[in-house]
Amino acid sequence: MRRLLLLLIVAAACRDSAYSAASKADTPASWRAYLAGHPDADSASQGRSRLAELELAEAQKLHTVVAYKRFLDEFGDTESAPRAKALLEGLRFNAAREAGAARAMRLFIREHPDGAHRAEAEQRLSELELKEVSNLTDAAELERFVAQHPDDPKATEATARLDDTAFEKSAGAADLYAYLRDFPAGTHREDARRRLLSLELDGLLFSGLVEEAEGQAKRSPLAAGLADLPQRLARARAERAVAKSADERVRKALVGYHLRALDDLARALSAPDPMDRWEAARELGFVVSVKALDPLLDALQGSRVPAVRLEAFTSLGRLLRTLPRPVADYEVATRLEALREKASDAQAHLTSAALLDLTGQLERASAEYQKVWDPAAPDPVVLKRWVEIRTERRQPFSAAVAARQLALWAKAEVDRRGPATAESALALARDACTCVELTRFARGVVAAAKTAKTDFPEDLDAFGVRVEDAARLAEARLKDAELLLVQADARARRCADRSFVERVAVAERQRLDALEALKAKPPKDVALALELVRDRDPEASVREAAGRLLASLNVR
């Protein structure tokens, strides 16, 4: 005990001696040395307070933003901090005032929202904005100025500049519709509507609907402002003449030669056999016409057959990718604008989600998909799309979770239908066909997830079991239903029927062969024919072949 007491006395004496030495020197270095050696001493807080005072004095000598910020980073919890903050605020306020720019004063207010200079800064900002309004170009700044100075005469000028800026930045149909909504008395409304009319006419002409485009132009007084319209109409007539060429090689090179008429396909969407309906929806995706969009959207919204809706979604994507981007954007924006005017329901949200999704606006589409989602009645179209999106984002586990849900939907669907009877065989066979296809899709997604590194591999095993269970039941119900179907009609088509796929493949080969025939002996209008194929064929292989042939013939 005596030794311990002696050690404590010596330690206290050393500590007191160190404090005295630091206090005697009274420099930042001496206090930092003391605090480093005695961080837990009773007098450490006093030492740190003194160090803060000395460091603030050094910062005041420099009197710079950097010096005060460094001080506050280290001593922001000391009694000297409020003084440093006030000095920093004053320094920044003086700098903003000397800059004489609204942007600088706005930055000051953002960095010191509760500072002592807040009221003076806001007054100064208001004065600067009034001076600068004629030079403002940023839409957000113009909007803020108008909101803050509604009765100022310069607000009229700001509103006009905001009007000009919004119209100048209108890059496509969606922006033009937004401009018309946001500026009900805008000076560029007529120009905006003329640009929308021009895009509408582009879509009709691209689709070969020359007479309809001419009629629309005649009905609209805005068409008089489209100086190049006569040339566009002449070009469209020439393209249509090529499409109806007497040269069979030219006609065979165009996709329309191999397809049913649009009206026939639209009617087939109501055929008695669901397989005829979903094949019509699939074929509509190859019809390069803006007129194919609405039948596909109707099928996506209203069909009770999941396969028809799934095929309609896929075809919409193919069609929108084939149309020129400005035309596709116009058609999508026009339909979204129409939906804004209607009461929202599940079908409207699904249509909005699909259109946004298929034109690359996935964030907005996701919000619309969420509005459609009903856990008690999941939509297989939405479920399948979620699987695809998560796969594209390289989220294998999340994709597998959605794939499992898709398989569970398929199992519930065939359970709901029950065993096949002679009367229900056709409907059950078609529904079971869809369920088999979806469970096979889900199986592939779960299998792919198992090859990736995930945090819950045991869950993937469980997912696989559920998917296989659903797949076996769907396949069994399909076999039973198709057995009854074939017994009633030996010519009845089965789920494994590949005639449509083969027809599409044959048509693609025939178009490629027709291009080779044109190369061997080019007709007079070969350049225009090849441009039509290059710009409008839904298959990349055919478009590329036409482009190569154009280059080899050295025609434009």
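Which helix gives the largest share of the lining of the second largest pocket?

## Basis of the model

This is a predicted model, in which local features need pLDDT of at least 70 and side-chain atom pairs count only at pLDDT 80 or more, whereas totals for chains, interfaces and linings use all residues. Residues are numbered from 1 along each chain as its sequence is written, and side-chain values use heavy atoms, with hydrogens and water left out.

## Second largest pocket

The largest share of this lining, seven residues, comes from α18, a helix being a DSSP run of H or I with at least four residues, numbered from the N terminus. At least two lining residues each are also supplied by α16 (274–284), α22 (380–392), α24 (425–451) and α26 (499–520).

A pocket here is an open set of points on a 1 Å grid over the protein atoms alone, where a 1.4 Å probe fits, with protein on both sides within 12 Å along at least five of seven lines, and its lining residues have an atom within 4 Å of a point. Of its 27 lining residues, Arg282, Leu310, Glu311, Lys384 and Glu437 lie nearest the centre, and by class the lining has 13 nonpolar, three polar and 11 charged residues, with Gly counted as polar and Asp, Glu, Lys and Arg as charged.

## Largest pocket

The largest pocket has a volume of about 830 Å³ and is lined by 30 residues, with Ser207, Gly208, Ala243, Gly256 and Val288 nearest its centre. The largest share of this lining, four residues, comes from α13, and the lining residues divide into 17 nonpolar, four polar and nine charged.

Methods
Grid points are joined across faces, edges and corners, and a volume is the space filled by probe spheres set on the points.
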